[in-house]
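Please read this report alongside the sequence and the model.

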Amino acid sequence: MASSTIRVILPQHLRTLAGVGAEVALNLEGWVTQRSVLDALEAQYPMLRGTIRDQVTQQRRPFLRFFACEEDLSHEPPDARLPDAIASGAEPFLIIGAIAGG
Amino acid sequence: MSKVRVLVGTRKGAFILTSDGKREKWDVSGPHFAGWEMYHIKGSPVDPNRLYASQTSGWFGQIIQRSDDGGKTWHQPGTPPGETPAPGPPKAESNKFVYDTSDASGKPLTTHQWYDGTQHPWEFKRVWHLEPSLTDPDTVYAGVEDAAIFRSTDGGQNWKELSGLRGHGTGPKWQPGAGGMCLHTIILDPSDPQRMYIAISAAGAFRTDDGGKSWKPINRGLRSQYIPDPNAEIGHCVHHIAMNPTRPGVLFMQKHWDVMRSDDAGDNWKEISGNLPTDFGFVIDVHAHEPETIYVVPIKSDGEHFVPEGKLRVYRSRTGGNEWEALTKGLPQKDCYVNVLRDAMAIDSLDKCGVYFGTSGGQVYASADAGDSWNPIVRDLPAVLSVEVQTLV
């Protein structure tokens with residue numbers, strides 16, 4: 001299976017935690033899915049474990065959203081393939097903090 | 001020359017306030033972890049440069065931070081920034097708090113009472129309180145919501161529940177208070193390493209005499225009108241407990257309503273509210289050198305969480321309770337409507353001892369004379385969640 005370099009855009013607080021800029025590049029082997037992207041992200045930046053998915057259930061944290069190619073993919077199954085434009089790196093995978101709270 | 005370091009957790013970051021022993025001029029460092037709720041920051045009594053912090057967010061969950069240089073730099077235990085992770089499974093999971101439901105613990109416990117009387121799964125939400133060991137800088141206890149106590153023995157890298165607390169028998173009857181079902185108070189007994197006290201809103205106070213393996217409720221004498229049986233074994237909304245380390249068997253408690261004391265390690269409590277203008281409140285603390293001198297900040301009521309009459313007054317008893325004097329010098333005495341939360345008061349061990357507290361209005365007040373007079377260190381921080389102080393020599 002081909003390897004891919006995908007782009008992930010993080011919300012500000014996670015950039016600070018990981019010590020990175022807005023966008024990070026991840027190398028993936030195999031299918032590009034929400035799960036494989038987040039696994040690769042957490043492997044590269046272990047300080048982000050538990051901040052996007054619950055440490056125990058691995059469920060998306062309720063106030064975070066996953067956007068790509070102008071679509072909200074937050075409710076897609078974690079093992080569903082992401083659009084080709086994400087896999088090719090043409091479009092970024094966005095992790096967004098919901099507008100809530102103060 | 002002695003120094004003090006005040007560790008302030010707020011709704012939008014942490015601040016570190018330092019001064020020399022005179023406690024007149026202060027340096028303010030922060031915000032650290034800007035934008036995050038900093039529930040608690042506390043230093044190790046063994047190694048004062050070792051600090052632990054609870055960083056939380058409704059969006060991103062729980063983070064544990066550690067400093068090994070007195071708060072100049074921080075890292076998540078086990079995952080220092082910039083360090084390339086080794087291949088394979090993660091070695092450290094500093095923000096992983098997993099409730100023990102194993103058969104090995106004897107009493108797997110998965111539910112507690114919910115607001116509507118049904119049973120509800122235990123769900124980890126955040127760390128309210130971090131209590132470093134009195135003897136080992138790498139050992140630290142965490143009091144969490146939903147209520148449980150965890151321990152790390154590797155500097156915060158990994159956490160294991162002391163499940164005997166939830167499993168001792170009354171756990172399924174615990175229910176959350178308005179602020180959530182939080183374990184907010186952890187007191188270690190310096191005279192007996194096997195003894196520890198904790199408090200939960202709204203379950204009550206508990207004690208272990210065997211290092212956390214087994215626990216028992218210590219609520220006899222508490223009386224709470226908001227539960228069906230006012231004298232029940234559990235269900236009391238204990239807001240905070242304080243102890244002078246030189247006299248570990250004597251405990252002082254601010255309950256939802258009522259200020260209480262116990263002279264027998266919590267086995268029995270008696271009310272000492274005396275002449276307080278109201279005995280609702282959150283904080284309580286004890287003088288560093290006078291174990292019968294205690295401090296509270298009365299709050300108007302459970303429905304009006306601000307100081308009464310627009311006056312910010314600390315009340316001090318020099319008689320172990322019942323007889324209280326208002327301390328007002330330097331504190332606003334008109335148009336003041338702030339609250340002081342349960343972990344937002346601390347006392348240093350200088351002579352005279354310093355008393356510190358932070359408000360929901362973002363002020364941190366300090367007294368360098370055991371409460372006789374007060375000055376604001378800072379006035380305009382985000383709402384203060386916690387205040388701790390380290391006396392450095």
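The sections below take up the model, then each chain, then the contact.

## Basis of the model

This is a predicted model, in which local features need pLDDT of at least 70 and side-chain atom pairs count only at pLDDT 80 or more, while totals for chains, interfaces and linings use all residues. Residues are numbered from 1 along each chain as its sequence is written, and chains are lettered from A and ligands numbered from 1 in the order in which they are written.

## The sheet of chain A

In chain A, five strands make up an open sheet of mixed pairing, ordered β2-β1-β5-β3-β4. Strands here are DSSP runs of E with at least two residues, helices are runs of H or I with at least four, and both are numbered from the N terminus; two strands pair if DSSP finds at least two bridges between them. The edges are β2 (23-29) and β4 (71-72) of chain A, each of which pairs on one side only.

Strand β3 (residues 64-68) of chain A runs antiparallel to β4(A) and is joined to β4(A) by two bridges, with Phe67(A) standing opposite Asp72(A). Helix α2 (residues 34-44) of chain A lies across β1 (3-9), β2, β3 and β5 (93-97) of chain A, and runs at about 115° to β2(A). Such angles run from 0 to 180 degrees between N-to-C directions, with axes fitted to C-alpha atoms, for helices over the stretch in contact.

## The hairpin of chain B

Strands β2 (residues 13-20) and β3 (residues 27-32) of chain B run antiparallel and are joined by four bridges, and Thr18(B) stands opposite Asp27(B) in β3(B). β2(B) and β3(B) form a hairpin with six residues between them, and Arg23(B) in the turn has a positive phi of about 60°.

## The contact between the chains

The contact draws 18 residues from chain B and 16 residues from chain A, where residues are in contact if their C-beta atoms, placed from the backbone, lie within 7 Å. On the side of chain B that touches chain A there are seven nonpolar, nine polar and two charged residues; Ala, Val, Leu, Ile, Met, Phe, Trp, Tyr, Cys and Pro count as nonpolar, Asp, Glu, Lys and Arg as charged, and the others, Gly among them, as polar.

How values were computed: Two residues are in contact if their C-beta atoms, placed from the backbone, lie within 7 Å.
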